[in-house]
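Take a look at the structure below.

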Protein chains: 2
Amino acid sequence: MTKNPLLVPEIREYLSKKDKKAIREFCKSTHPGLVAEFISPLSLEEIWQILKDIDPDIRAEIFSHLDLELQIKLTETLSRKELAQLISEMSPDDRVDLLKKLPEQIKDALLPAIAQAEREDIRKLSSYPEGCAGAVMTSDYATLPPDIKAHEAIERLRHEAPDKETIYYCYVVDENRRLLGFVSLKDLILAKPDTLVKDIMNKDLIYAHISDDQEEVARMIQKYDLIALPVVDENHALVGIITYDDAMDIITQEHTEDMEKLMAITGPHESAAYMKTPAIQHFKNRLSWLIILELLGLVSGLIVERYDHILAQFTILASFMPMLADTGGNAGSQSATLVVRALALNEITPKDFFKVIFKEFKVAILLGLTLAIIVQFRVFLYQLVSPASLPYLKIGLAVSIALSLQVISSTLIGSILPLIAAKFKVDPAVVASPALTTIVDITGLLIFFSTAKIILGI
Amino acid sequence: MTKNPLLVPEIREYLSKKDKKAIREFCKSTHPGLVAEFISPLSLEEIWQILKDIDPDIRAEIFSHLDLELQIKLTETLSRKELAQLISEMSPDDRVDLLKKLPEQIKDALLPAIAQAEREDIRKLSSYPEGCAGAVMTSDYATLPPDIKAHEAIERLRHEAPDKETIYYCYVVDENRRLLGFVSLKDLILAKPDTLVKDIMNKDLIYAHISDDQEEVARMIQKYDLIALPVVDENHALVGIITYDDAMDIITQEHTEDMEKLMAITGPHESAAYMKTPAIQHFKNRLSWLIILELLGLVSGLIVERYDHILAQFTILASFMPMLADTGGNAGSQSATLVVRALALNEITPKDFFKVIFKEFKVAILLGLTLAIIVQFRVFLYQLVSPASLPYLKIGLAVSIALSLQVISSTLIGSILPLIAAKFKVDPAVVASPALTTIVDITGLLIFFSTAKIILGI
């Protein structure tokens, strides 16, 4: 809900009147995320006309809120000088995200036009591998020495604040930048002005290492309700912070990837990707698993072929095949989803293996029995409608037992596979539901035909 | 990563020595979330021994970080007076979450022991239906009048701060509590001390209504990188705020629910639920869909039965049935997942119906053709291995065409159903992947047998 839901005509009017003052005022008094939303539908020329004349730091903030794709398109319309200035003003993490997407030749032409300090910072932040804490942190944080007074600290922040991503947490470091603790701005405001920073700082720090996984770091921020989490290197020196807003984006991105993996879709998920990803890319992301699963499906076909003498003798059995396969796949997928999610949220670890299996086993027995009773009714209906001389009692028994065994084995397979994956540090979500469905199809058919063979004495 | 990973023995030592000072010092200088983690493995008596003697506000914070289940168990060991004091100190949103879980008789005995103002606050916050902004907001926020100076505002916050959930955003309200704007603590610190609050406040507010959906509100906080979002009633009066940490929890909870719905598991997901949910509850959450899908699977059986003369004539066709069913289910689930997620992240809306369908159609054609070519090889292998006098060319053609049509129709069904659900304001994730798999089983069998009938001329 915002006060000005439709400002585009208004902005266009400012533009046509060349009312630079009104534009500047509007951009200054409006949340940069909102301005970005309002100006996104405009043409590239119009967007730059608006951004060109406003305060450089507000410009950089609004620019950072634009979609990454739009940012890239805009950079192509700018002169090298304009682009270098814009990038210098952007926050360190946002500009590294952008630079990673720019063509090499533009980057090479651009970097010499950026000041030494920023260039060094960009080089360092770009050097961390994707997915680790170093790659998502920002180098834009406020530090304080331990031996100054609270009022001096506030005075210092007053000077530094406009440039920093957050001043709500300030990190206390020694002369070697080693992390000693942190004070919140709230602590500083509440403290007596003459108290030393080291006497009010929190010493029991929660922090991450550069190489920690981004999802774990985001979960720490969530667990401890932090505004920012400090990141240290191997010498315990402070090298960056990760802020709560980046943690939220990481969590959402990881959710999407988990969900897609669970549905056998490969490839990373960039923000706002669905419509922007071309069909050919969707095709590629989805093809590999579908081919593997098609081949697995053909293995099921081999089993059907091998037992076709049973089907020839009792064609009624063929009509239970789809139900058996589906039910196994569904029960197994449910277990896999619950276990994958519980692992992702750290509700369980691979050490809980037997506890989880025991729980799933209990659930599976209850489900298997209930579903088997229902299928008995179906066999009974067959008997009523077409009273041919078939051994209905044995057929019912075979189908019920096979269904119970299928539900129990699928449930166990669905819960064991992600636990094993987690044990070996593989992402549990690779045990995708479609893969599982296809695997339990094979086990289900084997169970079904073996049971039928034994009970019907074929 | 924390500085003191294993403090339990240390805390136990403090306890056995009755070193109240050391305990108090430890609780004060350590993040309440960490203290909660450290003391959780202790017995209820030990936990309360620690919490009893520390500052009431720190006690309430640590208590709020304990698992809700542990909180409930602890309340049972407390006297009415102790519990009333604890609840009075808790933050408004956390205590309402706890009170909602307590038995009616405890609540009724407790409320008279709580001060009038808090009681009124609890009553109001509990009155909003689950899932809306009102139910997740806290009433613990700092407000400022528009006509005071920046230094007066800071002075005022200095007095109010210890009680407020956040003082980093302060809301500016008129005499009727109508929301006029907000100032960040950063703005106040940076402003000249004599500037009026109304001259530095952000007027272009982003806010939510009490009845807004909690997920939409959380997504707004994420989109605009807010620390807190104000919530207003129908008179535009400020009634609460929702903070970034609650937004993170809402996003995680909604995601778990989406994932479970997508896998045909019903029921809400409380935090840390997997191991704590008894097997019988898991059974209930999972049974209803499995029964529905079992019945649908039996419908597939009817189709197989109806066409069993085709199978009797060409038993080879039966061996392609599992692959056809699986591939359709997999392709459809992939589309459904992509569309459900894109809808959840507001990447697309039901208005993009034709754009989405067109895109999925393109992907489906590419997938259908590629998978059909692979199945041709399989038919060719059959021909090599068992050169019976079967019309392999026609069989190959029938299977390939059926597979292509199956992939195309499943993909379209998988993308259309969630879009229709969203259009009618039904959660798109109800189009669960298992349901979809079972539906496209039926359509797939119909496509398969019809195609075979036409091409093989049976």
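## A pair of helices

In which sense, left-handed or right-handed, does α20(A) pass α21(A)? The crossing of α20(A) and α21(A) is right-handed; in such a crossing the near helix is turned clockwise from the far one by less than a right angle.

This is a predicted model, in which local features need pLDDT of at least 70, side-chain atom pairs count only at pLDDT 80 or more, and totals for chains, interfaces and linings use all residues. Residues are numbered from 1 along each chain as its sequence is written, while chains are lettered from A and ligands numbered from 1 in the order in which they are written.

Helix α20 of chain A spans residues 353-385, and helix α21 of chain A spans residues 392-423. (Helices are DSSP runs of H or I, at least four residues, numbered from the N terminus.) They pack at an angle of about 155°, with axes 8 Å apart. So α20(A) is roughly antiparallel to α21(A) (angles over 145 degrees count as such). Their contact has 23 nonpolar, 8 polar and 1 charged residues.

## Two chains, one axis

A rotation of 180° with 0.1 Å of shift along its axis puts chain A on chain B, with RMSD 0.2 Å.

## The contact surface

Chain A gives 100 residues to the contact, and chain B gives 100 residues. (Contact needs C-beta atoms, placed from the backbone, within 7 Å.) On the side of chain A, helix α17 (residues 279-306) supplies the largest share, 16 residues.

Technical notes: Axes fitted to C-alpha atoms, helices over the stretch in contact; angles between N-to-C directions. Helix = DSSP H or I, 4+ residues; strand = E, 2+ residues; numbered from the N terminus. Parallel < 35°, antiparallel > 145°, perpendicular 65-115°, else oblique. Nonpolar A, V, L, I, M, F, W, Y, C, P; charged D, E, K, R; others polar. Least-squares fit on C-alpha atoms with pLDDT ≥ 70 in both. Contact = placed C-beta atoms within 7 Å.
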